[in-house]
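Here is a short briefing on one protein model. Please keep the sequence and the structure open while you read.

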Amino acid sequence: MEAVTPATEQPKPPTSGGAGSAPAPPAVPRLIATDLDGTLLRDDKSVSDRTIAALAAAEAAGIDVFFVTGRPARWMSVVSDHVHGHGLAICANGAAVVDLHQGLRFVRVRPLLRDDALAVVHALRAAAPGTSFAVERTGGIHNEPLYPPLSFDAATSIGPAEKLLADDAEQADQPIIKVLAYHPELAPDDFLTLARTSAGAHASFTRSSPTALLEISGLGVSKASTLAQCCAERGITRDEVMAFGDMPNDLEMLAWAGMPYAMANAHPSVLAATTRQAPANSDDGVAAVIESVLNR
């Protein structure tokens, strides 16, 4: 497992033109980067037959496909059979690159440092009383007693965040992939703004849930910066990348990619970020664009 420092390349505005300009006809990319939930996956979290066929056709045409998601590696089984060639996926909003062909092996980890994680916890406890936390490590999730449990993903351990992040914690040898912060009352976008204001010097903050659930990574870690690393290793420029997304955690990736698409069902900030729009995830929007590219 390779630990990597944050990439120096910063996301840049999309090259698709200013507001109101007509999007260019779909070009043939060298790499397709797609989010999963709300983007590639249907609302029932399935991959449609049409989408499976479109992904296979893209790979057959020599186009690399990367799944770029906020999901942890252990949630990738839904698409593990549908990535070909390289077998890699970018998980946890860029904090990890995993090999789906080799049992979800971590190829690269860009961790959140313990001291920064603790600083974020302390800052959010002060700025937003009532916040509860979970700690996502390479070996699983650990959460506070008041953090909303996931029925399909039980915590490995439960305790105060400070204890979960302690040097002598049982899982302390596992890198921290991200910290999750939940507030039961704040509006999601307000919570994100508050967190960035109060603790932005220590970590990167984003969100992909309809609830006030923040995803917190190391400084400079994002879908965009890790995707940029993967592309650089393949000699692929940002102008040769087509990207799809629907939530605020996709904004940096859409800004970096030369051919960005917001899903029709996307968050308003994502719809405002690019002139290109794909049909909704429930209408197989990613597949529809891929088909238009391959049939031009």
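The model is predicted: local features need pLDDT of at least 70, side-chain atom pairs count only at pLDDT 80 or more, and totals for chains, interfaces and linings use all residues. Residues are numbered from 1 along each chain as its sequence is written, and side-chain values use heavy atoms, with hydrogens and water left out.

**The sheet**

- Strands pair if DSSP finds at least two bridges between them.
- Helices (H or I, at least four residues) and strands (E, at least two) are DSSP runs, numbered from the N terminus.
- Six strands make up an open sheet with mixed pairing, in the order 9-8-7-10-12-11.
- Strand 9 (157-158) and strand 11 (204-207) are the edge strands, each pairing on one side only.
- Thr 206 has Glu 215, in strand 12, as its bridge partner.
- In general, strands of a sheet pair through backbone hydrogen bonds, either parallel or antiparallel.

**Helices on the sheet**

- Helix 3 (residues 114-127) lies across strand 7 (132-137), strand 10 (176-182), strand 11 and strand 12. Helix 3 runs at about 5° to strand 10.
- Helix 5 (residues 188-199) lies across strand 10, strand 11 and strand 12, at about 180° to strand 11.
- Axes are lines fitted to C-alpha atoms, for helices over the stretch in contact; angles run from 0 to 180 degrees between N-to-C directions.
- The 14 residues of helix 3 should span 20 Å at 1.5 Å a residue, and its end C-alpha atoms are 20 Å apart, which agrees. The expected span is 1.5 Å times one less than the number of residues.
- Buried residues (under 20% relative accessible area, 1.4 Å probe, protein chains only; exposed is over 50%, partly exposed in between) in helix 3 include Leu 118, Val 121 and Leu 124.
- The buried residues of helix 3 pack against strand 7, helix 4 (161-164), strand 10, helix 5, strand 11 and strand 12. Contact means heavy atoms within 4.5 Å.

**His 82**

- His 82 sits in the loop between strand 3 (64-68) and strand 4 (88-91).
- His 82 counts as buried because its relative accessibility is 17%.
- Leaving out residues up to four places away in sequence, His 82 touches Val 47, Ile 52, Leu 55 and Phe 67.

**The aromatic pair**

- A search of the whole structure finds one aromatic pair.
- The rings of Phe 244 and Tyr 261 have centres 5.3 Å apart and planes at 20°, so the pair is stacked.
- Phe 244 is in strand 13 (residues 241-245) and Tyr 261 in strand 14 (residues 259-263), 17 residues apart.
- Rings of Phe, Tyr and Trp (its six-membered ring) pair if their centres lie within 6.5 Å; planes under 30 degrees apart count as stacked, over 60 as edge-to-face and the rest as tilted.
- Both Phe 244 and Tyr 261 are buried.
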